Amino acid sequence: MARKILVTGGAGFIGSNFVHYLVNNTDDIVTVLDKFTYAGNAASLSGLPESRVSVVRGDICDAQLVDELVAQSDVVVHYAAESHNDNSLHDPKPFLDTNIIGTYTLLEAVRRHDRRYHHISTDEVYGDLELDDPERFTEHTPYNPSSPYSSTKAGSDLLVRAWVRSFGVQATLSNCSNNYGPRQHVEKFIPRQITNILVGERPKLYGAGLNVRDWIHADDHSSAVLRIVEAGRMGETYLIGADGEKNNKDVLEMILAGMGQPIDAYDHVVDRPGHDLRYAIDSTKLRTELGWQPSFPDFEQGLAATIEWYRDNESWWQPQKAHTEAKYKEQGQ
Ligand code: NAD
Ligand code: TDX
């Protein structure tokens with residue numbers, strides 16, 4: 001029988017990708033619960049069959065609504081979050097509400113109704129690494145978050161672990177590295193630079209651009225999450241990554257070259273306070289225990305397809321662009 005899956009944050013970047021992935025690769029029936037903050041976009045779910053996907057506009061902090069939706073579902077996959085580090089430095093409160101209270105609200109509902117829960121998190125909970133550190137993050141790396149965003153994600157992970165241990169909630173967790181691909185908000189690094197070039201604005205690099213991120217295609221994140229939902233061991237954490245370490249300057253130069261621009265046609269802007277230097281994921285556990293492998297190992301090819309997507313889908317990102325850049329400009333970025 002088809003599973004009923006509740007996907008929170010399914011109108012955001014990675015959540016909407018997961019919904020598309022479920023429609024294309026399973027016969028699951030999906031309900032999206034999304035507040036449609038500035039980061040949620042109904043167009044990210046358009047064209048999906050109504051018989052498979054329904055959308056509820058609402059807040060994960062609304063205990064009554066969450067209780068009803070969890071009761072009607074077999075599995076809950078929790079993507080909804082305030083997700084942008086820069087925003088968290090200017091106004092942390094929504095991060096505490098959604099990332100901590102929202103997760104608590106979902107956990108109480110899955111506890112009451114004894115439902116399977118999967119928690120989506122980030123490698124940022126582990127803090128950062130030196131550029132020359134031979135070690136990468138593993139499931140045993142101690143938590144050491146740097147920003148209001150990553151500390152609230154870390155707090156939400158710890159709530160899940162406590163609900164597993166204290167109440168026997170049937171939960172798994174995953175911590176993934178930086179995603180790229182279609183339908184990512186223009187506030188984030190890669191879409192910001194691509195769309196800047198498309199509107200005739202120079203790309204903006206924070207500081208010297210030597211910070212390293214470990215890039216993974218959003219579809220590979222989705223395939224890993226589905227594998228964990230189906231075969232992960234209860235209470236376990238799995239790190240998701242595709243060996244995609246690159247520094248920001250190299251990524252920006254790839255974007256510029258891929259869009260026919262001189263590779264130095266960008267501005268250095270004020271660095272992010274507390275800017276994490278490097279993230280890097282060791283995904284051995286996921287690969288050996290659950291047999292997962294990425295399908296998009298070639299970053300340059302995935303980046304080229306992502307550039308094409310933004311070229312072809314201006315109506316998706318245009319309404320957000322001017323406002324997002326104006327906000328950055330106020331902050332000297
Ligand atoms: P996003 O900002 O693009 O989307 C977040 C979605 O959550 C939006 O649709 C928004 O409307 C919704 N939302 C926010 N607050 C809500 C609330 N109170 N109730 C209901 N819905 C609400 O984020 P994203 O980049 O797609 O990230 C999704 C998840 O993946 C987050 O949990 C994030 O921490 C995690 N993650 C992201 C990355 C990355 O590279 N972007 C990497 C690892 C993990
Ligand atoms: O204009 C920019 N210029 C720039 O140099 C922006 C927006 C970012 N940067 C740098 C900062 C980071 O080193 O690029 C890198 C990536 O920045 P973001 O896209 O803001 O991502 P990051 O802070 O690494 O966090 C992302 O990955 C982990 C997601 O936003 C998080 O939700 C996820 O948990």
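**Before you start.** This is a predicted model, in which local features need pLDDT of at least 70, side-chain atom pairs count only at pLDDT 80 or more, and totals for chains, interfaces and linings use all residues. Residues are numbered from 1 along each chain as its sequence is written, while chains are lettered from A and ligands numbered from 1 in the order in which they are written.

Stop 1: Helices (H or I, at least four residues) and strands (E, at least two) are DSSP runs, numbered from the N terminus.

**Stop 2: ligand 1.** Show its shell of 31 residues. A residue is near a molecule if its C-beta atom, placed from the backbone, lies within 6 Å of it. G9, G12, F13, G40 and A81 come nearest. Two or more residues each come from α1 (13-25), β2 (29-34), α4 and β5 (116-122). α1 gives the most, with three. By class, the shell has 13 nonpolar, 13 polar and five charged residues. Here Ala, Val, Leu, Ile, Met, Phe, Trp, Tyr, Cys and Pro count as nonpolar, Asp, Glu, Lys and Arg as charged, and the others, Gly among them, as polar.

**Stop 3: α6 and α8.** Select 189-199 and 248-258. These helices pack at about 35°, with axes 10 Å apart. Axes are lines fitted to C-alpha atoms, for helices over the stretch in contact, and angles run from 0 to 180 degrees between N-to-C directions. F189, I190, Q193 and I194 of α6 meet N248, V251, L252 and I255 of α8. Contact needs C-beta atoms, placed from the backbone, within 7 Å. Six of these residues are nonpolar, two polar and none charged.

**Stop 4: α4 and α5.** Finish with 93-113 and 148-167. The axes come within 9 Å and cross at roughly 15°. α4 and α5 are therefore roughly parallel (angles under 35 degrees).

How values were computed: Two residues are in contact if their C-beta atoms, placed from the backbone, lie within 7 Å. Angles under 35 degrees count as roughly parallel, over 145 as roughly antiparallel, 65 to 115 as roughly perpendicular and the rest as oblique.
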